[in-house]
Amino acid sequence: MVSLSLRFSVLLAAVLPLAFTGVVGVAVPRAPADIYDYIVVGGGAAGSIVASRLSENRSVSVLLIEGGPSNEGVTNAIIPYIYPRLYRSTYDWNFTTVPQPGLGGRPSAYLRGHILGGSSSINGMTINRGPASDWDKIASFTGDSSFTWNNIMRYIQRNEAFRRPEESRFDNAYDPAVHGFEGPIGNSLVEDDSWITEPTLTGAEQVGIPYNLDVNNGQPLGISWQQFAVQDGARSSAATGYINAQDRARNNLRVLLNSRVSRVLPRPGGNSTSGPLHFTTVEYTDGNGNTRTAVAAREIIISTGVMATPGLLMRSGLGPRAQLEAAGITTLLDIPAVGQFMQDRCGIAAIWSVNNTDTDDNIDRNATYFNELLQEWNEHRTGRLTQTGYRHMIWGRVPEDAPLLSTMEDPSSGPTCPHYEIYPANKWAGTAARPETGNFVTMNIFVSASNVRGSVTLDASNPMNPIIDPNYLGSDWDMYVMRTALRRAAEYMSAPAWRRWDANPVFDPAILNSDEALNQWIHANAFGGVHAVGSARMGPSNSPPGTDVVGPDFRVKGVRGLRIVDTSVFPFVMNAHTMGPTYIMAEKAVDVIRRGL
């Protein structure tokens, strides 16, 4: 345990609450608490960065509390190709949305990492940053120019260790000017001779999709090489990059695993009428089932993620009054925005059969072949298990003369911001079971610039569980974008480069000719559960109380001692896979915290 200085010991009596009633029937134990300068709640993509960076200053003590187990030795979280085995496992929080009308009344699994590193330890490892206009929009919305694209570039370079491809044939696959090379997170391309590269790139040219040198240059439209958090053949995550054995060896950093925080608590005696409540204490259940408390002499930073952060706030008495009262929780501060501005990116998989036998379907259905590849990986960390089946990304927009745009405002952040994403997989990557025979290419499609808002609310019968309602495809715009993207994918897969491989859709292509038929297919096959933001959104420092949750300084408005640093603070959906933007936001937040802003 971190040794405590004399001043910490003196602070103990001043800040440790004697009693508090929040969730009915739960009271704070009166046992002595551990004291640290900073307590970071949640060891995911953001929390790992915050804890690691703050503890670089050896004069401060940091406690990181993570609800899941260690990432070390978890094979499925190390070998890139087999990451889907982590989904719906003990390393996933196993959240599920409420039934979604846009998905034909089906609920959707919501994938969140229950492991050190959070979702950066279980996801598909794609590194995106989003378009420059998204960051400029955040700066405009918050009134803080430090969020502009030009100003966040320093955090990209601080975070990233881009690996330059060894072969000159990849010189036109990336732009070194937009990358960092000495950060904690590896970033690399798939360097192989796979058959799929030629039709992927040539087909795009044949249907007028422009080539983009680097998807992470702030102007992502077109087709680019996909970039992955893979380093030396293995996953590079927030855990491996920021909370590895060397980081954990610091005597001023303590990492608690398998410990779930139930709420944060203010100093006793304070109330909303006598001045802002000052939150100092974290209540959690440790790995043995014991209820514990820890005290932050400086600040508590909540980094539990887009689905868990609203619940933690509400269990602590911070949130919409009606929800808190329904759950029997005393309202300490009425914040209507908590959980109310969630946005996500809805996806669908459209699959084509091909007559090339070198797809990754062989890895997934042939145990002997997989074991051969596994042996190669174990011995050399090379081979097909170092990749995920993906190599390229296509970002596009609906036509400028789209009739719908004459009746509504374009929800994207500008003309260089995508409306949708398409990225090909060298295998069957649909939600339905893979056929026992055949070879396939999947077009994974996501609506990006959504204008739909969902919510994360409290389950009054079990406040530790979130009620997740993303409202997938809940607008005419989102449905139009999805139809447009599907038709564009079908046009792309009809290019001569793909006809060479006898590419044929496994779905009925006639649905592409009818909006009604295509809508039905979308409702029956779409999915969600990957890239949500906004459930504790950031707003201007001077916005009306309760309209957002944090200001540009990441402080929870209306209270003291509490910040939020995770994906929940993004004020609107990022047109990207959200791990990269979250890394950037966390690195920026550390600077803000260090400066005491």
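The talk below goes from the whole chain to single residues.

Tutor: This is a predicted model, where local features need pLDDT of at least 70, side-chain atom pairs count only at pLDDT 80 or more, and totals for chains, interfaces and linings use all residues. Residues are numbered from 1 along each chain as its sequence is written, and side-chain values use heavy atoms, with hydrogens and water left out.

Student: How many helices and strands are there in the protein?

Tutor: Helices (H or I, at least four residues) and strands (E, at least two) are DSSP runs, numbered from the N terminus. The protein has 15 helices and 24 strands.

Student: What does the radius of gyration say about the protein?

Tutor: The radius of gyration is taken over C-alpha atoms, and the globule rule is 2.2 Å times the number of residues to the power 0.38. For 597 residues, a compact globule would have a value near 25 Å; the protein has 24 Å, which agrees. Its C-alpha trace spans about 75 × 55 × 45 Å along the principal axes.

Student: How are buried residues counted, and what share of the protein do they make up?

Tutor: Buried means under 20% relative accessible area, exposed over 50%, and partly exposed in between (1.4 Å probe, protein chains only). Buried residues make up 60% of the 597 residues. In helix 4 (residues 149-159), they are Trp-149, Ile-152, Met-153, Tyr-155, Ile-156 and Asn-159. These buried residues pack against several elements, including helix 2 (45-54), helix 3 (132-142) and helix 15 (579-594). Packing here rests on contact, meaning heavy atoms within 4.5 Å.

Student: How do I describe two packed helices, such as helix 12 and helix 14?

Tutor: Two packed helices are described by the angle between their axes and the distance between the axes. Axes are lines fitted to C-alpha atoms, for helices over the stretch in contact, and angles run from 0 to 180 degrees between N-to-C directions. Helix 12 (residues 476-493) and helix 14 (residues 515-525) pack at about 95°, with axes 10 Å apart. That makes helix 12 roughly perpendicular to helix 14 (65 to 115 degrees; under 35 is roughly parallel, over 145 roughly antiparallel, the rest oblique).

Student: Which residues meet there?

Tutor: Among them, Met-479 and Leu-486 belong to helix 12, while Leu-518 and Trp-521 belong to helix 14. The contact residues divide into 6 nonpolar, 2 polar and 3 charged.

Student: Now single residues. Is Ser-224 buried or exposed?

Tutor: Ser-224 is buried, because its relative accessible area is 0%. Ser-224 sits in strand 7 (residues 222-225). A polar atom of its side chain lies 3.1 Å from the backbone oxygen of Asn-212.

Student: And is Arg-500 buried or exposed?

Tutor: Arg-500 counts as exposed, at 56% relative accessibility. Its place is the loop between helix 13 (496-499) and strand 22 (504-505). Leaving aside neighbours within four places in sequence, Arg-500 contacts Glu-198 and Asn-355.

Student: How far is Arg-500 from Val-354?

Tutor: They are 146 residues apart in sequence and 9.1 Å apart in space, C-alpha to C-alpha. Val-354 lies in strand 16 (residues 347-354) and counts as buried at 9%.

Student: Which side chains does Lys-557 join by polar contacts?

Tutor: A polar contact is a pair of N or O atoms within 3.5 Å; within protein, one must be able to donate a hydrogen and the other to accept it, and residues adjacent in sequence count only if both atoms are side-chain atoms. The side chain of Lys-557 has such a contact of 2.6 Å with that of Ser-543, and one of 2.8 Å with that of Asp-548.

Key
Ala, Val, Leu, Ile, Met, Phe, Trp, Tyr, Cys and Pro count as nonpolar, Asp, Glu, Lys and Arg as charged, and the others, Gly among them, as polar.
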